[in-house]
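Hi,

Here is the structure I promised to pass on. Have a look at it first, and then read my notes below.

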Amino acid sequence: FLIIFIKSKLMDNILITGVGSYLPDKIILNDSLPSELNTSDEWIRKRTGITQRHIVSENELTSTMAIEASKKALINANLNSKEIDLVILATTTPDNTFPATAVKVQSELNMKTGPAFDIQAVCAGFIYALKVASSILQTSNLNKAIVIGSESFSKILDWNDRSTSVLFGDGAGAVILEKYKDYNNWGLLSSNFYSDGNFSNILYTDNGPGTDSKVGKVRMNGKEVFKHAVDKLSSCLIDVIKDANLSIEDINYLIPHQANNRIIDSLSKKLNFPKDKIINTVDIHANTSAASIPLAFSHAVENKIIKNGDIIAMNAIGGGLSWGASVIKFGKPN
């Protein structure tokens, strides 16, 4: 018998080595929302947990916030911008229809030539971008990437619609990805993403370039979104943890999409996951779509809640419907 052993190429480990965030200076408290909305601080807190939201100024763009978050992430990772090979920006509120907002980040930070592009999966955008960036690094000669979630969502809100306008805010978060060999069980351990266009009509924007020249406004069937959110967020999280050969007890912290407290609380109950191990910034950030997970991530690292070596799970769902989850071991061995 001739026995042939073929040694397969081991995949490189994609580590998350830095985080950063940016929030606009302007803050709108619940009591400061337009009176036409016929709402109150008590009503919003009870139903969502939100107390305030950051809103871009007239001169701030999605790229403005993305650039500032990226600068902080680079400092946190102790890197120079010229070391970055790849920029992926998750956003549903780009500066322009084209070019990609990511190329503005690349230019402003004086990065060397390399791929820079946007991903549009709304609130699930950061999970999508993380998986795509990891795959590119593993299958190319590129070594370092910035993955950003940045949204100026206030620009597509109908401020006469109480069901949506009270929920969202603006901001940006960024993470640094680095490719390493021989760092087994560190970095991105597993990731998944899904879409089902049969539910595209329960969360969307009307108008836009495909219909007329008006900017589309957010429309949402809240009850339907809630029903799908809890089921899909829990199922994709269970699957991604299993794919990482871990149990839910191994997870140090969960960073869910920061939609509202009702979804987060329901997710905690369904998974029997302790609330004190869930990173929750809904009260101070509101729902910042693709920026919500990296913003909450950065907040937790800055406040020394999440530390080097912690195992973090992340999951999100947004329009599409699009959803997914990731599990990482944060940082790198000392």
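Let me start with Phe168, which sits in the loop between α5 (162–165) and β7. Helices here are DSSP runs of H or I with at least four residues, strands are runs of E with at least two, and both are numbered from the N terminus. Before going on: this is a predicted model, where local features need pLDDT of at least 70 and side-chain atom pairs count only at pLDDT 80 or more, while totals for chains, interfaces and linings use all residues. Residues are numbered from 1 along each chain as its sequence is written, and side-chain values use heavy atoms, with hydrogens and water left out.

Back to Phe168: it is buried, with a relative accessible area of 4% (buried is under 20%, exposed over 50% and partly exposed in between, with a 1.4 Å probe and protein chains only). Not counting residues up to four places away in sequence, Phe168 touches Arg53, Phe153, Leu157, Ala286 and Asn287, contact being heavy atoms within 4.5 Å. Phe168 and Ser298 are 130 residues apart in sequence, and their C-alpha atoms are 19 Å apart in space.

Now the sheet. Five strands form an open sheet in the order β1-β7-β6-β4-β5, and the pairing is mixed; two strands pair if DSSP finds at least two bridges between them. At the edges stand β1 and β5 (116–119), each with a single partner strand, so one side of each has no neighbour in the sheet. From one strand to the next the twist averages 20°. Inside the sheet, β6 (residues 144–152) and β7 (residues 170–180) pair in the antiparallel sense over nine bridges, and Gly149 has Gly173 in β7 as its bridge partner.

Two helices to look at against these strands: α4 (residues 125–138) packs on the sheet and touches β1, β4 (86–90), β5, β6 and β7, with its direction at about 160° to that of β4. Helix α9 (residues 292–302) lies across β1, β6 and β7 and runs at about 90° to β1. The axes are lines fitted to C-alpha atoms, for helices over the stretch in contact, and angles run from 0 to 180 degrees between N-to-C directions.

On β1 (residues 13–22), look for Val19. Val19 is buried too, with a relative accessible area of 4%. Leaving aside neighbours within four places in sequence, its contacts include Ala174, Val175, Phe297, Ser298 and Val301.

Then there are the cores (sets of buried Ala, Val, Leu, Ile, Met, Phe, Trp, Tyr and Cys residues joined through side-chain atoms within 4.5 Å). The largest nonpolar core has 41 residues, and Leu237, Ile251, Leu254 and Val327 have the most contacts inside it. Two or more residues each come from α6 (222–243), α7 (261–271), β12 (311–318) and β13 (322–329), with α6 giving the most, seven residues. A second, separate core has 37 residues, including Val175, Leu177, Ile255 and Ile279. As for Val327, its contacts beyond four places in sequence include Leu188, Val240, Ile251 and Ile312.

Last, a helix pair: α2 (residues 62–77) and α3 (residues 101–108) pack at an angle of about 45°, with axes 9 Å apart. The contact is made by Thr62, Ser63, Ala66, Ile67 and Ser70 of α2 and Thr101, Lys104, Val105 and Glu108 of α3.

Cheers
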